Structure formats: C-alpha cells, structure tokens
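Look over the whole chain before turning to a single residue. The paragraphs below take these two steps in order.

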Amino acid sequence: MSFVISRKQYLAPNEPRAQYEPLILEEEDFEIKKIDVTFGHPLYTTVADIFYIRSNADTARVLPIIPDGCMALVFCGNREKENIRAYICGVTDEIKKLKIEPDEYYIFIRFLPGIGYSLLDQPANKLTNKAIPLKGHMAGGEQILSILERETHLVERIRLISKVIRVNLHSESNKYLIKYCTERILQTQGNIKVEELAEESGFTARHIGKMFERCVGISPKLYSQIIRLQLSMTRILEDQNMLLVDIAIDSGFFDHAHMNRMYKKLIHCSSGEFRKNFFNRLDYSTIDDYISI
C-alpha cells in the first residue's frame, strides 16, 4: 500500500507551534500590519510572526529593533517596487536601529528561536549582530526577489515567499533538542537554568550551550534574559499602574535594580525611562544599525 502526500500537505506542517510573539512597538508615523500565520500556513510552526511596516512620515524616521532571540528575513522596497533589497539578519544582543525613508516599506519574517539558522550554511553565531544579502547566501534567494517584484497583493506574495522558504529549510540533527530547550525557556518565562535543561534532556550543559551558539546565535543565559526583557516590557505597556518592582518580580528578576541593569544592557535605558518616554529620548547616534552591509 502506498500513500500520496500532496505538496500542499508537505508545505503545511501540523506539529504544535510555540506561542512566542515578540514585541512590536506602535511607533508614530508608521503603518504596521501583521500577516496571519494560522494553521495550514507554510511557516506555521517555524515563524514567530510576519509583519509589514511602512513610513508615513515626510522625513526619514528611526525604528528601534528590540532584542528578541529571533533570526529574520527582512525585505525592503518602495511603492514603485524599485531597488528591492533582501537580507538575512542574525539575532541581536542589544537594541539596534533601522532607518526608514519616506514611502519605504519593510517586511519582516521573524523565525522562532533556533530555526532561522536552517536557511544558512554556517552557524547562527556567525551572523549575530550582522546582516547579509539574501541573494547568494540562501537557496531560493533569486526566486524570492522575483516574487517581491510581482504585481500581486502583498499577502499573496508573502505566502509564495513562505513556500519557497519552507522548501529550503534544511534539517538539523538536534532539531528536537533545540526546540525542547527554547520552548522550556519560553514556558518558564526565562527562569530555568541550563543545568536544569541538561538534567531534563539528558544532555550536558556544555552540549546545550554549544547547540545554542550554533542554532540560536546566543547563549542560553542571554536568550533567557531576552525572554524576561520581552515579558517585562509587555507588562509595562499593558499596565501603567503596576509598580515596576512588582513587574520585575513577576518577570523573573531578583528585584527592580536587577531589571534595570538588564534594561540598560539590552535597550540602553532604565525601565522607568522606558515607561515614561519609551525610546523618544534614546541617543540613536550611539546605537548600531540593524542592517549594515
């Protein structure tokens, strides 16, 4: 007896999806649109989110890129579909900046931690804090660029791109181990030690650390810190009346001072400054570009 598996079935994985949606700040003068990634989507189990952002300002604006533990494919173009650019962006270990010109748009496909490296022929940590052109560094890169230039609806173009990406994701022998560890860190809100992951998984802490460097691009400790940062920033935005010390404890920090040290390390401001001003008073001249080729 034989079974026929259609291409649609192959491109629509049905394994459980990790529930991780990194923060997207609603900035003034930017139009932000999230693309639905529901069951049956080619990248349903592999991406954290897909979104489109366009500047409505008359002058160039700067968008802060917050550490989230995700590698991303980033496409940049304009309304005339001229000079479309595409990049593979590694994870970041601190806040970065993205300069967006008037009428310029960006499409982000953010992969769940530990998955984006499957597009590369090199370890993820070789791309940490870096971006490389998609063309020439990923199989299917030219096909993706040709899809972006088509005169079709944005959602349809992204879906076609997603199919190309799905076909070109290569397998990793440690796929289930990295999935287990990254999801355990998510489940515990960044409050699990690598020694506990080692005990639960049966692998050594050293092996897990090396696996994170190769597949995620950062250490398990830094990834856990980023998850706590994301959680605390979301709570600050959702509840203006909750005391920062309570947010710190609920987010897994020892105390308010511990949370502030992490904020200054990762986003260059204190939690109080973020609550009061967001990133409006950030000195962007001291912050590196997210995409620098």
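The accessible surface of the protein chain is about 14500 Å², and 48% of this belongs to carbon and sulfur atoms. Such areas come from the Shrake-Rupley method with a 1.4 Å probe, and for residues only the protein chains shown count as cover. The model is predicted: local features need pLDDT of at least 70, side-chain atom pairs count only at pLDDT 80 or more, and totals for chains, interfaces and linings use all residues. Residues are numbered from 1 along each chain as its sequence is written, and side-chain values use heavy atoms, with hydrogens and water left out.

Ten helices and eight strands make up the secondary structure of the protein chain; helices (H or I, at least four residues) and strands (E, at least two) are DSSP runs, numbered from the N terminus. Along the principal axes, the C-alpha atoms fill a box of roughly 55 × 55 × 30 Å. Of the 293 residues, 53% count as buried, meaning under 20% relative accessible area, with a 1.4 Å probe and protein chains only.

Is Ser 55 buried or exposed (over 50% relative accessible area)? Its relative accessibility is 0%, so Ser 55 counts as buried. Beyond its neighbours within four places in sequence, Ser 55 is in contact (heavy atoms within 4.5 Å) with residues including Asp 29, Phe 30 and Ile 100. The side chain of Ser 55 also reaches the backbone nitrogen of Ala 57 at 3.2 Å. Thr 188 is 133 residues from Ser 55 along the chain, and their C-alpha atoms are separated by 36 Å.

Terms used:
Polar contact = N/O pair within 3.5 Å; in protein donor to acceptor, adjacent residues only side chain to side chain.
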